[in-house]
Amino acid sequence: MVAPPYHDRPRSGVDSGQNTLQQNTRRISSAMHAKMCRELPLDRVEVCYHPGRSDSECDCRKPKPGLLLHAARELGLDLAQCWMVGDRWRDVDCGVAAGCKTVFIDRRYAEGLKQKTDFSARNLGEAADIILRESK
Ligand SMILES: [Zn+2]
């Protein structure tokens with residue numbers, strides 16, 4: 001299992017402490033990810049550390065699929081057999097772009113989907129049930 005990719009954007013800063021803040025953010029994130037991988041059945045955690053701007057040029061900010069593609073390369077995964085689960089349109093579009101099956105967890109946010117999801121669920125447990133049922 002791979003944790004859904006997320007964007008761990010350092011808060012903007014204009015003083016000379018910004019590099020220290022970014023270093024601390026990465027150090028804390030790495031420690032959190034190591035603990036998650038020790039305590040949960042996770043093979044990998046993917047994070048985008050690029051600046052959090054909507055016009056970012058990196059290929060890993062959802063809805064772009066860079067983090068999923070990277071994880072698939074590293075783990076030798078067939079993305080057509082993988083699932084992207086998320087509660088935002090960006091999650092669904094990221095999964096579609098990567099060639100994954102998608103489950104949208106509908107939390108009734110005031111935003112619509114831009115692409116069609118394969119499945120919808122009310123919560124993560126229901127999403128897990130769908131994945132187990134459809135993966136037989
Ligand atoms: Zn990025």
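Let me start with a loop: Arg-108 sits between β4 and β5. Helices and strands here are DSSP runs, H or I of at least four residues for helices and E of at least two for strands, numbered from the N terminus. This is a predicted model, in which local features need pLDDT of at least 70, side-chain atom pairs count only at pLDDT 80 or more, and totals for chains, interfaces and linings use all residues. Residues are numbered from 1 along each chain as its sequence is written.

Back to Arg-108. Its phi is positive, about 60°, although the residue is not a glycine. Most residues other than glycine have a negative phi, and most peptide bonds are trans. Is Arg-108 buried or exposed? Arg-108 counts as exposed, because it has 7 C-beta neighbours inside 10 Å. The cut-offs are these: buried means 20 or more other C-beta atoms within 10 Å of the residue's own, exposed means 12 or fewer, and partly exposed is in between, with C-beta atoms placed from the backbone.

Now the overall layout. The protein has four helices and five strands, and along the sequence they follow β-α-β-α-β-α-β-β-α. Of its 136 residues, 22% count as buried. Among contacts between residues at least 6 apart in sequence, 42% join residues at least 24 apart; a contact is two C-beta atoms, placed from the backbone, within 7 Å.

Next, β4. Five of the five residues of β4 are buried, so the strand is largely enclosed by the rest of the structure. Lys-101, Val-103 and Ile-105 point one way, Thr-102 and Phe-104 the other.

What does β4 pair with? Strands pair if DSSP finds at least two bridges between them. β3 and β4 pair in the parallel sense over four bridges, with Val-85 as the bridge partner of Val-103. The chain gets from β3 to β4 through α3, and this β-α-β crossover is right-handed, that is, clockwise from the first strand over the helix to the second, with the strands pointing away from the viewer. β4 also pairs with β5, residues 119–121, again in the parallel sense, over three bridges. There, Val-103 stands opposite Phe-119.

On to the core. The largest nonpolar core has 17 residues, and those with the most contacts inside it are Leu-68, Trp-83, Met-84, Val-85, Cys-100 and Val-103. A nonpolar core is a set of buried Ala, Val, Leu, Ile, Met, Phe, Trp, Tyr and Cys residues joined through C-beta atoms within 7 Å. α2 (66–75), β3 (83–86), α3 (89–98) and β4 (101–105) each supply at least two residues of this core. Which residues does Cys-100 contact, leaving aside its neighbours within four places in sequence? They are Leu-68, Leu-79, Cys-82, Trp-83, Met-84 and Gly-95.

In α2, the buried residues are Leu-67, Leu-68 and Ala-71. They fall within an arc of 100° seen down the axis, so they line one face of the helix; the arc is taken over the directions from the helix axis to the C-beta atoms. In α3, the buried residues are Asp-91, Val-92, Asp-93, Cys-94, Gly-95 and Ala-98. Just after α2, Gly-76 takes a positive phi of about 65°, and just after α3, Gly-99 takes one of about 85°.

Last, a peptide bond. Lys-62 and Pro-63 are joined by a cis bond with omega about 20°, and Pro-63 lies in the loop between β2 (44–48) and α2.
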